[in-house]
Amino acid sequence: MREPGRVADAVINFEKAYISHSVIGSATTRPPGRTRKRRRQTGLLDEHDVKGAVAMYVSPACHAKAAAKLGVEHVVLLEGERGLGKQTAAIALLREKTPKPLRRLSPASTVKDLCEYRYQPGRGYLVADHVGAEGSRHADFDWHLVRDAVRRVGAFLVVTRRKPVVDVDSVKVVAWAWPPLEDVVRSHVGEAAAEVLAALPADCTMTEVAGVAARLADGEPVDEAVRGLGRTAAEVVRTWFEAGPGRQDLVEVTALAFGAGLTGEEFEARRTALDRHLPPGDRTSTATATRLVTGAPGARAFADPRYGEHVLAELNARQSKSFWAGVVAWLAEIVETTGADVAVAFGLAQLSEVDLGTVETGCLDPWSAGALGWSGQTTAAFVVWAMALEERTRSAALGVVRGWAGGSAVQRQTAALALAGELGAQFPAEAVAELKKMVERGRSDDAVTDALGTLFGVLTAEKDGGGGLVLELLADLGRGSAPRDAVSRTTRAVLTAWNPEDDELALGALLREDPALAEAVGKVAAPLLADPRFRGDVLRATAAAAQNLKEGELRSSCRRSKARPNRWRRRIPNPRRRPSGPIPVSVVIRSPA
């Protein structure tokens, strides 16, 4: 079996950092050490989730207008800032029009993608937090084609966006508004509404109300549940900045924002380097009423882990371009000298929430293009993986990577790496489609084949059928016109891939989950058996996968193929014996009927 490639190593390193490193406490809302089950961001919506969303939904005045237009035009766009409840509204609108399953499409879909999608009659489709390009300069005509495609089959499409779509009249654009806060709170917490309303900020968003309700359901008192919103943390940080901190204070909080979890000499060295990169200024420190940082020298940390994101927001609003130029140079120096850095990545992911442009132009664009070598490419992938962990930046992360996929050869390599990890786990269909394009166009180098193998392992670990998407890709490549050598190398990478989380052969885990896929595996593996470069690896992988199946699972698979289990096992080839003559597909995975 081959050793894991660089892509798999990057995925493993990020996963370890996410699960065990203290950056989790400062960069995400998830407690350290908790394993997680990723939720796909595209595909069929779970009916339980749909019912829950509809049950909690409170319609604002603009709902009636959107519902009327959706009923006539079959397509409607909801626009507005984050936190207005647009996604829940979209689900409720679609459920009003159809009882059939609802499907979520990629937020990075272009207007052309939406036009060419094969909609099913009577189905409902949602594009949440759309970040796709507007299309050509004939945007209105492009959306007209989308509307016709959806209406032609009697389907329904709701698209939610933060940024407005300009010069479009062919589809209705509804500016979404707040429903009455009192009604929303009552729908979530019932009899406790009065107490919760008294404690909530007047400008509380729908997302924040849902978060408070979830904390109350977990047994938290009202005051603690409201404190969990982070509004107090934002106010503390804002007050600290308004008090006029000195240069050394700014250097320290900036270094901490991009160095969560670092202690001792490593953090002190980074802080000293940042001070050197920033433009000249007052080097004295001004005492402030509230300290953001606690701990003895060498063990400094934010007093509240939530301070980090608010520090970056305040720095972005208050500091000059020369300040940020110094920060970007400092971050590049860290990556270039110490290698791919998870703490830097989480800091940049948090900064992307308020200023994605600076993150892209200063760091992601040059790093993804190879300016800092593989360490820079890996850190760029780490950034989009960290962005994918947060709902507020998840869609933007996918858009960034799709841009890389259409860039230079090195950027395509970085895109392949990014699609193999956290982003690919949340958007598996989009990741498989982008990687497939690279193989079909003859742009499949070791990074792309390694990425597809790693993605197969990641999706198989999720145990939700995602690994089957990669098998479908291999089957499509085998029937298409992609370069044969690229297809063979890709197939070997997939069949010999390991699950990066459990250190298990991914193929074995997939067949244990669904033995019926054995025939599909045999078909994609068969062409490689005639090539001595790949034969040994494929035979070892398929034999190991078959031998790992439990007897009950084996019998289930054999019933489908009308084969006897003992005969099934006897026909598995000895992986150390060089086969002579052609080997039937059935020998690789199962015996024939």
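Q: How much space lies in the second largest pocket?
A: Happy to start there. Rolling a probe the size of a water molecule over the atoms shows where empty space is left. In this predicted model, the second largest pocket holds about 1,100 Å³ of space.

Q: Which residues lie nearest the centre of that second largest pocket?
A: Look for Asp 113, Tyr 117, Ala 429, Glu 430 and Ala 433, which lie nearest its centre among the 33 residues of the lining.

Q: And which helix gives the most to the lining of the second largest pocket?
A: That is helix 22, with eight residues. Helix 22 spans 428-440, and at least two lining residues each come from strand 3, helix 6, strand 4, helix 22 and helix 24 (467-479).

Q: Strand 4 is on that list. Which way do the residues of strand 4 point?
A: In a regular strand the side chains alternate between the two faces of the sheet. Here, strand 4 covers residues 124-127: Gly 124 and Leu 126 point one way, while Tyr 125 and Val 127 point the other way. Are they buried or exposed? All of these are buried.

Q: What does strand 4 pair with, and in which sense?
A: Take strand 3 (residues 102-104) to begin with: it pairs with strand 4 in the parallel sense over three bridges. Within that pairing, Leu 126 has Arg 104 standing opposite. Strand 5 (residues 156-161) also runs parallel to strand 4, and four bridges join the two. There, Val 158 in strand 5 is the bridge partner of Leu 126.

Q: What do strand 3, helix 6 and strand 4 make together?
A: Follow the chain from strand 3 through helix 6 (residues 111-116) to strand 4, and you have traced a right-handed β-α-β unit.

Q: Stepping back, what share of the protein chain is buried?
A: Of its 593 residues, 52% are buried. The chain exposes about 25,900 Å², with carbon and sulfur atoms supplying 50% of that area.

Q: How many helices and strands does the protein chain have?
A: You can find 31 helices and 10 strands. As for contacts between residues at least 6 apart in sequence, 72% join residues at least 24 apart.

Definitions and conventions
Residues are numbered from 1 along each chain as its sequence is written. This is a predicted model: local features need pLDDT of at least 70, side-chain atom pairs count only at pLDDT 80 or more; totals for chains, interfaces and linings use all residues. Side-chain values use heavy atoms; hydrogens and water are left out. Buried means under 20% relative accessible area, exposed over 50%, partly exposed in between (1.4 Å probe, protein chains only). Contact means heavy atoms within 4.5 Å. Accessible areas come from the Shrake-Rupley method with a 1.4 Å probe; for residues, only the protein chains shown count as cover. Two strands pair if DSSP finds at least two bridges between them. A crossover is right-handed if, with the strands pointing away from the viewer, the path from the first strand over the helix to the second runs clockwise. On a 1 Å grid over the protein atoms alone, a cavity is a set of points where a 1.4 Å probe fits but cannot get out, and a pocket is an open set with protein on both sides within 12 Å along at least five of seven lines; lining residues have an atom within 4 Å of a point. Grid points are joined across faces, edges and corners, and a volume is the space filled by probe spheres set on the points.
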